[in-house]
Amino acid sequence: MGPAMKSCTIAGLLLTAVLLPASAAQAPAKIPNFMEDVTVAWLASGNEYIAMPAGPHPVTPDPAHPYIQDGRGGRQPTLRVADVDNPILQPWVREALKMVNDRVLAGKPAFPPQVRCWPLGVPAFVLYTAQPVYIIQRREEVLMIWQSDQMVRHIYLTDKHSANVKPSWFGESIGHYENGDTLVVDTIGLNTKTFIDNYRTPHTEKLHVTERFKLVNAETRIDVTVRVEDPGAFTRPWEAMQSYRRVELGAMAESTCVEGNFNYFNFDLEPLPQEDKQVF
């Protein structure tokens, strides 16, 4: 199966999955209920990480080239130019970002891979915006599904990772509940086709991501803390945040990406993803 997820499979999951309530019969302790029914979803606050109050921070815009999104404030929109002076960056990562910066400053496009229907991976999954994430809680796993193109993360509620994890787009995520309000997710086994963020910050297969999805208020908000460790790409671990607000837009809509994503302006972009074998 390629990176494009099949909407019929997701529709079956949504129709047949029984959402597990936080009851003593199904769990030894109270767990957060992220999805009361199929109409409840969560919308990310933005496609940039929120920096922590203190400590190392993720890649941010170059102060000399501010990132202006969607023409806000009547200003001309820009593409991202990364601040390569961030001390978390290993030299080769800094050079990779300089190449992207040079491309943008030369007037060429450098869009996130999501624009061409490629998965963002982890931790960048929390940067999916515009369309909501639906969360399905089952006894053995939690599914997080971004409505656009039905991008799916499987978070297995088991005690440890597999003995030999094969690198993949979303890696191997295992999770557990804490304090009755938080899902803790530990992810390894991420392939190097993905990026850390929308600046195209690369990583190695040593990447280890820990996320804490805290249900701050079941009616309004989930806060996520992300911890990134990759000694091959970063000089030190760093943390960032994301916030989701609750939306009730009805059951997940069918959404596809590849079929309607054309290169109208003949940009030099990644090819659209294709299945490597017939699946129907």
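Reply: What follows takes the labels one by one, with the value and the definition side by side.

This is a predicted model, where local features need pLDDT of at least 70 and side-chain atom pairs count only at pLDDT 80 or more, while totals for chains, interfaces and linings use all residues. Residues are numbered from 1 along each chain as its sequence is written, and side-chain values use heavy atoms, with hydrogens and water left out.

Me: How do you know which elements the protein chain has?

Reply: They are DSSP runs: helices are H or I over at least four residues, strands are E over at least two, and numbering starts at the N terminus. The protein chain has two helices and 10 strands. Their order is α-β-β-α-β-β-β-β-β-β-β-β.

Me: Where is confidence lowest, and where is it highest?

Reply: The score is pLDDT, the predictor's confidence in each residue, from 0 to 100. The mean is 45 in helix α1 (residues 7-16), the lowest, and 98 in β7, the highest. Over residues 1-27 the pLDDT is below 50. The average for the protein chain is 84, and 81% of the residues score at least 70.

Me: Why is Thr182 called buried?

Reply: Buried means under 20% relative accessible area, exposed means over 50%, and partly exposed lies in between (1.4 Å probe, protein chains only). Thr182 has 3% relative accessibility, so it is buried. Thr182 sits in strand β7 (residues 182-188). Across the protein chain, 47% of the 280 residues count as buried.

Me: What does Thr182 contact, leaving aside its neighbours within four places in sequence?

Reply: A contact means heavy atoms within 4.5 Å. Pro32, His176, Tyr177, Arg212, Phe213 and Lys214 are in contact with Thr182.

Me: What makes the link between Thr182 and Asp181 a polar contact?

Reply: The pair must be N or O atoms within 3.5 Å; within protein, one must be able to donate a hydrogen and the other to accept it, and residues adjacent in sequence count only if both atoms are side-chain atoms. The side chains of Thr182 and Asp181 are joined at 2.7 Å.

Me: Why is Asn179 called exposed?

Reply: Asn179 has a relative accessible area of 68%, so it is exposed. Asn179 lies in the loop between β6 (172-178) and β7. Its phi is positive, about 60 degrees, although Asn179 is not a glycine.

Me: Why does Ala130 get the label exposed?

Reply: Ala130 has a relative accessible area of 72%, so the label is exposed. Ala130 is in the loop between α2 and β3. Phi of Ala130 is also positive, near 75 degrees.

Me: What makes Arg138 and Glu141 a salt bridge?

Reply: The label needs a side-chain nitrogen of Lys or Arg within 4 Å of a carboxyl oxygen of Asp or Glu. For Arg138 and Glu141 the N to O value is 3.3 Å. Arg138 has a relative accessible area of 28%, so it is partly exposed. Glu141 has 11%, so it is buried.

Me: How many salt bridges does a search of the whole structure find?

Reply: The search finds 11. One of them joins Arg246 and Glu248, with the closest N and O atoms 3.0 Å apart. Salt bridges that share partners link Glu36, Glu219, Arg246 and Glu248 into one network.

Me: Are Arg246 and Glu248 buried or exposed?

Reply: Arg246 has 13% relative accessibility, so it is buried. Glu248 has 51%, so it is exposed.
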